[in-house]
Amino acid sequence: MKRLTAFLAASALVTALSAQSQSITSAGDSVGSLLAVRRIYVGPLSGGTQATALRDLIIASLNSTKLFILTDKEERADAVLKGAADDKTFTDTFDTYSGVSGHDALGKSASGTSIAARASGISGGNALSENDSHHSRERKHEAYATVRLCNKDGDVLWSTTQESLGGKFRGASADVAAKIAHQITLDYERARRADAPTAPATAPKP
(Lines give C-alpha, C1' and ligand atoms only; values in the text may rest on other atoms or scores of the structure.)
Protein backbone atom coordinates (compact mmCIF):
# COMPACT_ATOMS: atom_id res chain seq x y z
CA MET A 1 0.00 0.00 0.00
CA LYS A 2 2.83 2.38 0.86
CA ARG A 3 4.53 1.55 -2.43
CA LEU A 4 1.31 2.31 -4.34
CA THR A 5 0.91 5.62 -2.53
CA ALA A 6 4.53 6.52 -3.23
CA PHE A 7 4.10 5.55 -6.89
CA LEU A 8 0.99 7.70 -7.29
CA ALA A 9 2.71 10.63 -5.61
CA ALA A 10 5.70 10.26 -7.91
CA SER A 11 3.41 10.05 -10.96
CA ALA A 12 1.60 13.21 -9.91
CA LEU A 13 4.91 15.01 -9.47
CA VAL A 14 6.12 13.93 -12.90
CA THR A 15 2.83 15.06 -14.46
CA ALA A 16 3.08 18.46 -12.77
CA LEU A 17 6.68 18.94 -13.86
CA SER A 18 5.80 17.91 -17.40
CA ALA A 19 2.94 20.42 -17.55
CA GLN A 20 5.21 23.14 -16.19
CA SER A 21 7.86 22.27 -18.75
CA GLN A 22 5.31 22.43 -21.58
CA SER A 23 4.11 25.81 -20.31
CA ILE A 24 7.65 27.20 -20.28
CA THR A 25 8.34 25.79 -23.74
CA SER A 26 5.15 27.33 -25.11
CA ALA A 27 6.09 30.75 -23.67
CA GLY A 28 9.55 30.44 -25.12
CA ASP A 29 8.16 29.74 -28.61
CA SER A 30 7.02 33.35 -28.99
CA VAL A 31 8.73 35.06 -31.94
CA GLY A 32 11.42 37.38 -30.65
CA SER A 33 13.07 38.68 -33.81
CA LEU A 34 12.29 39.57 -37.40
CA LEU A 35 14.27 36.57 -38.63
CA ALA A 36 11.95 34.19 -36.78
CA VAL A 37 8.82 35.51 -38.51
CA ARG A 38 7.45 33.13 -41.12
CA ARG A 39 3.77 34.03 -41.40
CA ILE A 40 2.32 37.57 -41.27
CA TYR A 41 -1.22 38.82 -40.88
CA VAL A 42 -1.80 42.42 -42.00
CA GLY A 43 -4.48 43.87 -39.75
CA PRO A 44 -6.94 46.64 -40.67
CA LEU A 45 -5.21 50.02 -40.78
CA SER A 46 -6.73 53.04 -39.08
CA GLY A 47 -6.92 56.30 -40.98
CA GLY A 48 -8.90 57.69 -43.87
CA THR A 49 -11.27 56.03 -46.30
CA GLN A 50 -8.37 54.84 -48.48
CA ALA A 51 -6.69 52.86 -45.68
CA THR A 52 -8.36 49.62 -46.78
CA ALA A 53 -7.07 49.94 -50.33
CA LEU A 54 -3.60 50.78 -49.04
CA ARG A 55 -3.70 47.67 -46.83
CA ASP A 56 -4.31 45.50 -49.90
CA LEU A 57 -1.35 47.12 -51.66
CA ILE A 58 0.88 46.48 -48.63
CA ILE A 59 -0.15 42.81 -48.59
CA ALA A 60 0.71 42.45 -52.27
CA SER A 61 4.07 44.22 -51.85
CA LEU A 62 5.07 42.13 -48.80
CA ASN A 63 4.08 38.97 -50.62
CA SER A 64 6.31 39.91 -53.56
CA THR A 65 9.40 39.90 -51.31
CA LYS A 66 9.05 36.10 -50.85
CA LEU A 67 10.36 36.50 -47.29
CA PHE A 68 7.08 35.70 -45.55
CA ILE A 69 3.80 33.88 -45.99
CA LEU A 70 0.85 36.31 -45.90
CA THR A 71 -2.27 34.92 -44.24
CA ASP A 72 -5.84 36.12 -43.75
CA LYS A 73 -6.13 34.20 -40.47
CA GLU A 74 -4.63 36.13 -37.59
CA GLU A 75 -4.51 33.09 -35.30
CA ARG A 76 -2.12 31.33 -37.70
CA ALA A 77 0.31 34.24 -37.95
CA ASP A 78 3.64 34.53 -36.15
CA ALA A 79 3.31 38.32 -36.20
CA VAL A 80 0.72 40.98 -37.01
CA LEU A 81 1.36 44.13 -39.03
CA LYS A 82 -0.77 47.00 -37.69
CA GLY A 83 -0.78 50.78 -37.86
CA ALA A 84 -2.34 53.74 -39.68
CA ALA A 85 -2.46 54.89 -43.28
CA ASP A 86 -4.16 57.41 -45.51
CA ASP A 87 -4.30 58.51 -49.12
CA LYS A 88 -5.57 61.97 -50.00
CA THR A 89 -5.69 64.45 -52.85
CA PHE A 90 -5.21 68.17 -52.34
CA THR A 91 -4.60 71.33 -54.36
CA ASP A 92 -1.57 73.59 -53.99
CA THR A 93 -2.06 77.24 -54.94
CA PHE A 94 0.80 79.47 -56.12
CA ASP A 95 0.66 83.27 -56.52
CA THR A 96 3.57 85.23 -58.03
CA TYR A 97 3.85 88.98 -58.63
CA SER A 98 6.48 91.09 -60.38
CA GLY A 99 6.51 94.78 -61.23
CA VAL A 100 8.75 97.36 -62.95
CA SER A 101 8.18 101.12 -62.83
CA GLY A 102 10.18 104.20 -63.88
CA HIS A 103 9.86 107.98 -64.22
CA ASP A 104 11.94 110.50 -66.05
CA ALA A 105 11.41 114.29 -66.46
CA LEU A 106 13.33 117.12 -68.12
CA GLY A 107 12.63 120.90 -67.94
CA LYS A 108 14.33 124.07 -69.17
CA SER A 109 13.16 127.68 -69.22
CA ALA A 110 14.64 131.11 -69.95
CA SER A 111 13.28 134.66 -69.72
CA GLY A 112 14.71 138.13 -70.11
CA THR A 113 13.94 141.79 -70.81
CA SER A 114 15.34 143.56 -73.83
CA ILE A 115 14.15 145.66 -76.66
CA ALA A 116 11.99 142.73 -77.51
CA ALA A 117 10.85 140.57 -74.66
CA ARG A 118 11.56 136.97 -75.23
CA ALA A 119 10.70 133.70 -73.38
CA SER A 120 11.41 130.11 -74.20
CA GLY A 121 10.78 126.82 -72.43
CA ILE A 122 11.40 123.10 -72.95
CA SER A 123 9.74 120.38 -70.92
CA GLY A 124 9.40 116.66 -71.27
CA GLY A 125 8.32 113.62 -69.32
CA ASN A 126 8.55 109.84 -69.54
CA ALA A 127 6.98 107.14 -67.39
CA LEU A 128 7.18 103.33 -67.57
CA SER A 129 5.14 100.88 -65.58
CA GLU A 130 4.84 97.10 -66.00
CA ASN A 131 3.19 94.70 -63.58
CA ASP A 132 2.75 90.95 -63.95
CA SER A 133 0.91 88.53 -61.69
CA HIS A 134 0.49 84.79 -62.07
CA HIS A 135 -1.92 82.45 -60.30
CA SER A 136 -1.67 78.66 -60.62
CA ARG A 137 -3.27 75.65 -58.99
CA GLU A 138 -1.62 72.23 -58.92
CA ARG A 139 -3.48 69.09 -57.92
CA LYS A 140 -1.36 66.71 -55.83
CA HIS A 141 -1.73 63.21 -54.47
CA GLU A 142 -0.17 62.17 -51.15
CA ALA A 143 -0.15 58.89 -49.20
CA TYR A 144 1.47 57.77 -45.97
CA ALA A 145 1.61 54.70 -43.73
CA THR A 146 3.15 54.09 -40.34
CA VAL A 147 3.18 50.40 -39.45
CA ARG A 148 4.67 48.06 -36.86
CA LEU A 149 5.14 44.31 -36.77
CA CYS A 150 4.23 42.75 -33.41
CA ASN A 151 4.47 39.20 -32.13
CA LYS A 152 1.70 37.45 -30.19
CA ASP A 153 2.97 38.94 -26.93
CA GLY A 154 2.54 42.44 -28.35
CA ASP A 155 6.29 43.11 -28.62
CA VAL A 156 7.26 45.31 -31.55
CA LEU A 157 9.72 43.48 -33.81
CA TRP A 158 9.94 46.06 -36.58
CA SER A 159 8.42 49.40 -37.59
CA THR A 160 8.63 52.00 -40.32
CA THR A 161 6.93 55.17 -41.57
CA GLN A 162 6.75 55.87 -45.30
CA GLU A 163 5.15 58.63 -47.36
CA SER A 164 4.98 59.54 -51.01
CA LEU A 165 3.65 62.10 -53.47
CA GLY A 166 3.67 59.45 -56.16
CA GLY A 167 6.42 57.86 -58.19
CA LYS A 168 7.23 58.13 -61.87
CA PHE A 169 5.41 54.95 -62.81
CA ARG A 170 3.02 54.40 -59.88
CA GLY A 171 0.61 56.27 -57.65
CA ALA A 172 1.27 57.50 -54.14
CA SER A 173 -0.35 54.53 -52.36
CA ALA A 174 1.43 51.95 -54.49
CA ASP A 175 4.70 53.78 -53.92
CA VAL A 176 4.21 53.75 -50.13
CA ALA A 177 3.46 50.00 -50.17
CA ALA A 178 6.58 49.37 -52.27
CA LYS A 179 8.70 51.44 -49.86
CA ILE A 180 7.45 49.41 -46.88
CA ALA A 181 8.31 46.14 -48.62
CA HIS A 182 11.72 47.50 -49.60
CA GLN A 183 12.48 48.66 -46.05
CA ILE A 184 11.54 45.37 -44.41
CA THR A 185 13.66 43.52 -46.98
CA LEU A 186 16.67 45.71 -46.17
CA ASP A 187 16.21 45.25 -42.42
CA TYR A 188 15.68 41.50 -42.79
CA GLU A 189 18.89 41.11 -44.80
CA ARG A 190 20.76 43.31 -42.32
CA ALA A 191 19.56 41.15 -39.42
CA ARG A 192 20.49 37.98 -41.28
CA ARG A 193 24.02 39.22 -41.90
CA ALA A 194 24.38 40.21 -38.25
CA ASP A 195 23.11 36.79 -37.17
CA ALA A 196 25.41 34.84 -39.47
CA PRO A 197 28.25 33.05 -37.63
CA THR A 198 31.66 34.58 -38.10
CA ALA A 199 34.00 32.32 -40.03
CA PRO A 200 36.99 31.23 -37.90
CA ALA A 201 40.25 32.81 -38.85
CA THR A 202 42.58 30.40 -40.62
CA ALA A 203 46.02 29.98 -39.20
CA PRO A 204 48.81 31.16 -41.51
CA LYS A 205 50.66 28.43 -43.28
CA PRO A 206 54.20 27.82 -42.06
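My notes go from the whole chain to single residues.

**Ground rules.** I am working with a predicted model, where local features need pLDDT of at least 70 and side-chain atom pairs count only at pLDDT 80 or more, while totals for chains, interfaces and linings use all residues. Residues are numbered from 1 along each chain as its sequence is written, and side-chain values use heavy atoms, with hydrogens and water left out.

**Overall layout.** I began with the secondary structure and found three helices and six strands in the protein chain. Here helices (H or I, at least four residues) and strands (E, at least two) are DSSP runs, numbered from the N terminus. Read from the N terminus, the order is α-β-β-α-β-β-β-β-α.

Next I looked up burial: 24% of the 206 residues count as buried. I use buried for under 20% relative accessible area, exposed for over 50% and partly exposed for in between (1.4 Å probe, protein chains only). The chain exposes about 14,900 Å², of which carbon and sulfur atoms supply 53%; such areas come from the Shrake-Rupley method with a 1.4 Å probe, and for residues only the protein chains shown count as cover.

I also checked contacts, meaning heavy atoms within 4.5 Å. Among those between residues at least 6 apart in sequence, 70% join residues at least 24 apart.

**The core.** Which residues have the most contacts inside the largest nonpolar core? They are Ile58, Phe68, Leu81, Leu149 and Trp158, in a core of 27 residues. A nonpolar core is a set of buried Ala, Val, Leu, Ile, Met, Phe, Trp, Tyr and Cys residues joined through side-chain atoms within 4.5 Å. Two or more core residues each come from β1 (39-42), α2, β4 (79-112), β5 (118-151), β6 (156-164) and α3. Helix α3 gives the largest share, six residues.

Leaving aside residues up to four places away in sequence, Leu149 touches partners including Leu34, Ile40, Leu81 and Trp158.

**Helix α3.** I tested its length. The expected span is 1.5 Å times one less than the number of residues, so the 24 residues of α3 should span 34 Å, and the end C-alpha atoms, 35 Å apart, agree with that. Its buried residues include Val176, Ile180, Ala181, Ile184 and Tyr188.

**Aromatic pair.** I looked for rings of Phe, Tyr and Trp (its six-membered ring) with centres within 6.5 Å; planes under 30 degrees apart count as stacked, over 60 as edge-to-face and the rest as tilted. By this rule there is one aromatic pair. Phe68 and Tyr188 form it edge-to-face, with 5.7 Å centre to centre and 90° between the planes. The partners are 120 residues apart: Phe68 sits in the loop between α2 (51-64) and β3 (69-70), and Tyr188 in helix α3 (residues 172-195). Both Phe68 and Tyr188 are buried.

**The loop between α2 and β3.** I stayed in this loop for Thr65. A polar atom of the Thr65 side chain lies 2.6 Å from the backbone oxygen of Leu62. Beyond residues up to four places away in sequence, Thr65 touches Ala181 and Thr185.

Lys66 is in this loop too. Is Lys66 buried or exposed? Lys66 is exposed, because its relative accessible area is 69%. I also noted its positive phi of about 65°, although Lys66 is not a glycine. Most residues other than glycine have a negative phi.

Thr160 is in strand β6 and counts as buried, because its relative accessible area is 10%. Its side chain makes a polar contact (a pair of N or O atoms within 3.5 Å, one able to donate a hydrogen and the other to accept it) with the side chain of Gln162, at 3.0 Å.

His141 lies in strand β5 and is partly exposed, with a relative accessible area of 31%. His141 and Gly171 are 30 residues apart in sequence and 8.0 Å apart in space, C-alpha to C-alpha.

Lys152, in the loop between β5 and β6, is exposed at 62% relative accessible area. Not counting residues up to four places away in sequence, Lys152 touches Glu75, Ala77 and Asp78.
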